[in-house]
Amino acid sequence: MEFSVQTANPAKAETACLVLPVYKGSDLLPAVAKLDDASERLIGQLLERGDFDAALGNVQLVPFAPGLGAERILLVGLGERDKCQEAAFIKALDTAMAALIKLPVDEASVTFTDVLIDDRDAVWKARKTLEAAERAIYRFDQFKSSPAKAPSLAKLTLIVSDANDAPLAKQGAALGIAIGQGINVTRTLGNLPGNVCTPRYLAEQAQALGRDSQGALVVDILDEEALEALGAHSLLSVGRGSAEPSRLIVMKYQGADDPDEAPHVLIGKGITFDTGGISLKPGEGMDEMKFDMGGAASVFGTVNAILAIKPKLNAVFIVAAAENMPDGAATKPGDIIKTLKGLTVEVLNTDAEGRLVLCDALTYAERFTPASVVDIATLTGAAIIALGHHATGLLSNDDDLALDLLEAGETAWDRAWHLPLWDEYQEQLDSNFADLANIGGRPAGTITAACFLSRFADHFPWAHLDIAGTAWHSGKQKGATGRPVGLLTQYLLDREADAQVENGEA
């Protein structure tokens, strides 16, 4: 998606379609008021006569725009002005872009940067506009024999009323494109079927990223032989029942001026298909277990965004990839395995496999002496019961890190909710036969899963994001969402900003 920024009277903007956000009532935004004056009160009359209801998310195409430079106008309802904050703004954007891409236009102009949102500047509004546009043009139909016609929209112009906002809007739009494209990378990886997206396929995608990065990304792939020699028996145990070999994928980005600056590490759970293993899942809905590599997919999407933005920080991206299948070699309930850290685990349920690959990845991350470590995983159905599909579950051994992630989620509007990680929950993981069990029973399932991971994160600030409720949609809208790429990218950008302040560069 190409973009440009114009400081102009929108009434004179020559464009195939001008997208106008409109409040419910007679209160018009400054840009819309100019258009209304130039068009003999076309918009005002539509609102007054009730021909357009500006309730939140409503859209209406005006195919002719007399007196204006635009060929057509797309009106988008913002709802009541005093209720128009982030959630309403995002909904209006999404509905506007969904309607826009259905029109036979290859370019359009929007005025969303004029919408007043408390504590949100032109950078944020432009970023969310382009991010919404990138998400709207996304299609996943590569396996259909007759794909639908691709959207024609290729260029979006942001019209700003205040010339001082133009540089901010341009900055925000560039961020929005990078993050939007990263989100779409994550969606594609998540939507791929399990017979295509395997651990080896993910490793190949990482290697391709490394080749295309012009040296910005160094990629190491640990195969099963290397993992065996390393002692990553927990990760390997998950893939024992599969014909697909497991992989540990490591992507290193060095953008800081100081090569020795401690990196921030992101770790993604990459279970490319999860049958549950010997603890077999119910058949209904099992097709959605191709999404069980949503954490890994979000790491790949974040890598893509970071390579486009090129922040000055060091980061390491790790993906623990395996396929969880039941055959004669599969790990069984009651088996005891030894982790890379040296702790032994009694496997009470083979469907609690994500934590078994992540624990070895967390131990592996120690070698980088990280400034922070965040793992991302579709880990527990309990997270859906607790938080539904709106918020990502967040648990951490470091309150400052947790606050940083919560703040990043608010900025990106890709929000998380902080759950407790109290010592009282740890005893649910007690085992009669090993150092710990891999499940702690039904009570507080999301928390005890994080408690398990915390045993392998005692040497660095660590946080866990449970995205089981946010990584994909079910039903008729089934598909990967691309979350939490926005949160993760913002978190890393915030760390870059912090480093610049500490170094006196900002």
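Modeller: In this predicted model, 58% of the 506 residues of the protein chain count as buried. The fold of the chain comprises 14 helices and 19 strands. Its radius of gyration is 24 Å, close to the 23 Å that the globule rule gives for 506 residues, so the chain is as compact as a globular protein of that length. Taken along the principal axes, the box filled by the C-alpha atoms is roughly 80 × 55 × 45 Å. Of the contacts between residues at least 6 apart in sequence, 78% join residues at least 24 apart.

The sheet to be examined is an open one of 3 strands, in the order β11-β12-β16, with mixed pairing. β11 (336–338) and β16 (436–437) stand at its edges; each has a single partner strand, so one side of each is left without a neighbour in the sheet. Strands of a sheet pair through backbone hydrogen bonds, either parallel or antiparallel. Between β11 and β12 (residues 344–346) the run is antiparallel, and 3 bridges join the two strands. Within this pair, Ile336 is placed opposite Glu346 of β12.

As for the surface of the whole chain, its accessible area comes to about 20700 Å², and carbon and sulfur atoms account for 49% of that. Charged side chains number 43 positive and 70 negative, with the centres of the two sets 6 Å apart.

Conventions: Residues numbered from 1 in each chain as written. Heavy atoms only, no water. Helix = DSSP H or I, 4+ residues; strand = E, 2+ residues; numbered from the N terminus. Rg over C-alpha atoms; globule rule 2.2 N^0.38 Å. Buried < 20%, exposed > 50% of the residue type's maximum accessible area, 1.4 Å probe, protein only. Contact = heavy atoms within 4.5 Å. Areas by Shrake-Rupley, 256 points an atom, 1.4 Å probe, with all protein chains shown as cover. Lys, Arg positive; Asp, Glu negative; His and termini not counted. Charge placed at Lys NZ, Arg CZ, Asp CG, Glu CD. Pairing = 2+ DSSP bridges.
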